[in-house]
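Please find below my note on the ligand site of this model. The points are numbered for reference.

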Amino acid sequence: MCVAYYLVKAGLRTLNIDQGYITAGTSGAGNGNIIVGNRQPGLLAELARRSLLEYERMGNGEMGDFELERNGSYLLLETEAQAEEARQLIARQEGRGLSLAYLSAGELAEAVPGVSAKLAGAVYCRDDCSLNPLLFLRALRRRIQDHGGGFAFYEKVGKIQRTPSGLFCVYTGAGTYRSPVVVDCAGVQARPIASLLGEQVPVAPNKGHIVVTEKVPHLRIPAKLRDWADASDSQEGEPVNTVIESTAAGNLLIGKSEAGTESSASVSLPTVRAILDRALRFLPCLREVKVIRIYTGLRPRSGDGLPIIGASAITAGLYYACGHGGDGVSSAPETGRLLSRRIAEGRSERIMREFAPARFIKP
Amino acid sequence: MDSDKLVVCRCEDVTLAEVLAAIREGARDVNSIKRLTRAGMGLCQGCICESLLEGILRAECGALPAAKAFLTARPPLSPIGVIDILNAKTS
Ligand SMILES: Cc1cc2nc3c(=O)[nH]c(=O)nc-3n(C[C@H](O)[C@H](O)[C@H](O)COP(=O)(O)OP(=O)(O)OC[C@H]3O[C@@H](n4cnc5c(N)ncnc54)[C@H](O)[C@@H]3O)c2cc1C
Ligand code: FES
């Protein structure tokens with residue numbers, strides 16, 4: 001959707017084809033966190049930082065409200081070793097414009113009532129934001145339409161062919177659409193779409209579990225709680241680490257798991273246990289809360305964990321914006337902006353080299 | 001009765017007017033209506049409102065294939081304590 005938004009703004013005509021409605025994909029199912037502050041500052045953090053500027057610009061102006069909130073997040077530290085690592089990271093970040101602050105255990109307890117007294121402290125990432133993905137998708141759709149962009153919902157792309165004149169013919173069963181440019185933004189389906197044109201793009205589903213609790217207004221947490229540790233293997237079940245946040249309605253969302261390439265949406269009880277078990281280490285009061293829903297979503301993970309953004313090195317006119325894994329919300333606007341510049345003006349900004357499809361698909 | 005006073009989902013307090021707006025906007029399956037309006041996301045997880053949503057969508061748009069008529073089933077069947085999940089014996 002972001003790709004179409006920047007393309008129509010650049011004056012091009014677009015058609016978004018989706019097998020469902022705007023909420024059909026992972027974007028309609030995931031959380032809306034924009035994570036700028038990270039343990040490993042790098043390309044993803046840079047995409048997130050730039051995307052945040054775009055989100056802010058959109059939120060301030062034409063798009064209307066999508067509940068963009070600069071509420072920050074707490075990276076929770078369990079051990080003294082983690083605390084030391086965190087202090088070193090903050091020292092290295094000094095002067096780089098990222099606002100991270102170290103909190104002692106006492107300061108954390110004051111900021112987030114209910115956290116475990118056993119924690120060593122936390123890093124507060126002031127720039128981290130959240131938005132309401134549904135409102136954002138709706139706002140994008142309206143803006144794209146206002147600029148003349150079209151939509152074909154509930155149409156599944158089943159075949160793509162090239163005409164002798166170099167146009168793509170996209171067949172959905174309900175319609176046939178011709179265009180000189182096709183962008184593969186099919187999320188976890190990016191691979192089958194690319195294969196319609198004979199390219200093998202390495203995007204595979206990475207399943208995540210989220211546990212939703214009943215509404216607990218008395219336990220509303222002021223900012224997302226995140227685990228300093230990476231997802232690591234639980235005794236049984238899939239690798240998990242902790243993310244806890246309050247929704248606007250007052251439910252808590254407790255995550256999260258990272259499974260290899262599991263493409264079924266089924267819920268694994270051992271994984272849910274591992275998620276809850278770990279979350280209790282940070283927020284013991286969760287013990288008293290009731291779970292109303294457990295759902296899974298599929299993150300579109302690329303072969304090396306970085307998104308795939310840019311022109312195909314083989315098929316002229318084919319572009320990719322996929323493989324964003326667990327960071328698609330954090331990096332969507334900058335992905336759209338970069339790719340639309342490439343398509344509309346033929347200009348590749350330097351950072352795009354790192355995301356080039358050619359690292360996987362070579363002529 | 002006024003469609004903005006008629007509540008379709010009691011748990012999440014979603015009115016008929018909101019559901020109709022989601023359909024008018026383009027949603028043509030029950031899961032999309034759920035994601036757009038929160039109808040079906042409440043404590044009963046759609047036990048009460050799911051068939052209403054389906055009925056409204058049929059009345060507005062005609063016949064529906066099964067894939068569009070039902071909410072994706074999500075566990076648990078009814079609310080369960082965190083501690084009960086942790087203590088449950090794996091069968
Ligand atoms: C539980 C969970 C929590 C998450 N939380 C966060 C978070 O807090 N922050 C963050 O940055 N990221 C988060 N993510 C990751 C993020 O949601 C994804 O990276 C992002 O949504 C990917 O967007 P996308 O547009 O590439 O794919 P999608 O949103 O899946 O869009 C792909 C679209 O392509 C359509 N499509 C596929 N095949 C076809 C076809 N043949 N014909 C027509 N249409 C087709 C689909 O219907 C779909 O609408 C989370 C993911 C999960 C699972
Ligand atoms: S009535 Fe809709 S979720 Fe309970």
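This is a predicted model: local features need pLDDT of at least 70, side-chain atom pairs count only at pLDDT 80 or more; totals for chains, interfaces and linings use all residues.

1. Residues are numbered from 1 along each chain as its sequence is written, chains are lettered from A and ligands numbered from 1 in the order in which they are written, and side-chain values use heavy atoms, without hydrogens and water.

2. Ligand 1 is surrounded by 31 residues (a heavy atom within 4 Å). The closest are A:Asp18, A:Thr26, A:Ser27, A:Asn33 and A:Gly325. By type, the shell holds ten nonpolar residues (Ala, Val, Leu, Ile, Met, Phe, Trp, Tyr, Cys and Pro), five charged (Asp, Glu, Lys and Arg) and 16 polar (the others, Gly among them).

3. Domain 1 (2–66 + 132–200 + 310–351) and domain 2 (203–302) of chain A both contribute to this shell, so ligand 1 lies between them. The domain bounds come from an automatic or database assignment. Strand E16 (290–302) gives the largest share, four residues.

4. A polar side-chain atom of A:Ser27 is 2.5 Å from an oxygen atom of ligand 1. A backbone N or O atom of A:Gly328 lies 2.9 Å from a ligand 1 oxygen atom. Of the 1000 Å² that ligand 1 exposes when taken alone, the protein buries 89% (Shrake-Rupley method, 1.4 Å probe).

5. A:Ser268 sits in the loop between strand E15 (251–257) and helix H7 (269–282) of chain A; helices (H or I, at least four residues) and strands (E, at least two) are DSSP runs, numbered from the N terminus.

Terms used. A polar contact is a pair of N or O atoms within 3.5 Å; within protein, one must be able to donate a hydrogen and the other to accept it, and residues adjacent in sequence count only if both atoms are side-chain atoms.
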